[in-house]
Amino acid sequence: MLESQLEVVRQAKQFLTNTDINEYQEILKPHLSGSAGMHMRHILDHYLALKNGLDLKFIDYDKRNRHTKTESCPQAAIKQWQEIEAWLENVCQQDLNMELMVSSEVNANKVEQARVQSTLARELIFISSHAIHHFSLLSVIQSLRGNDTPENFGVAPATISFQRDEMNKVSVANS
């Protein structure tokens, strides 16, 4: 499972390496309300909330770092991803069962926070899935500009497995 986490980091860093600073900051209205940088910062906020909350075993996903250099500069975001990567490389398999309390605002009409029990493993699954969801939006942003993204960028692992199985079925049928 930790290897899959590192794959998310590699994908983010590859995207950032191939993204121009002006494209990173541009908001493609009316199609989108946020820039690529805003999406990347939002993804990093979740990773940082988890990483920084471990000592207290309390994760608050509503802590955001809006309007930071990470949001406006791909190089700053790469630096943050490198820190996340170093942290993930030091997470031990036994740490995955660590119990955590997770807090998140859950109501758009009034301030309402939910607090639930979880584990580090479950939260890593959540934030990587969340990252992949936002990667798909980053892929759309690039597509609207006429740019490509790497194969499978923003595609869920279950979808990739399904596609692979379908290709295998076609191969067997054509044999």
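This is a predicted model: local features need pLDDT of at least 70, side-chain atom pairs count only at pLDDT 80 or more; totals for chains, interfaces and linings use all residues.
Residues are numbered from 1 along each chain as its sequence is written, and side-chain values use heavy atoms, with hydrogens and water left out.

Let's start with the sheet. It is open, has three strands in the order S1-S2-S3, and its pairing is mixed. Strands here are DSSP E runs of at least two residues, and helices are H or I runs of at least four, numbered from the N terminus; two strands pair if DSSP finds at least two bridges between them. At the edges sit S1 (58-60) and S3 (113-119), each pairing on one side only. On average, neighbouring strands are turned by 25 degrees against each other, direction ignored.

Now look at S2, residues 99-105: this strand pairs with S3 in the antiparallel sense, over seven bridges. As an example, Glu 99 has Thr 119 in S3 as its bridge partner.

Next, the helices. Helix H3 (residues 36-53) lies across S1 and S2 and runs at about 160 degrees to S1. Helix H6 (residues 120-144) lies across S2 and S3, at about 115 degrees to S3. Axes are lines fitted to C-alpha atoms, for helices over the stretch in contact, with angles from 0 to 180 degrees between N-to-C directions; contact means heavy atoms within 4.5 Å.

Finally, find Lys 169 in helix H7 (residues 157-174). Lys 169 counts as exposed because its relative accessibility is 52%, and exposed means over 50%, buried under 20%, partly exposed in between (1.4 Å probe, protein chains only). Thanks, everyone!
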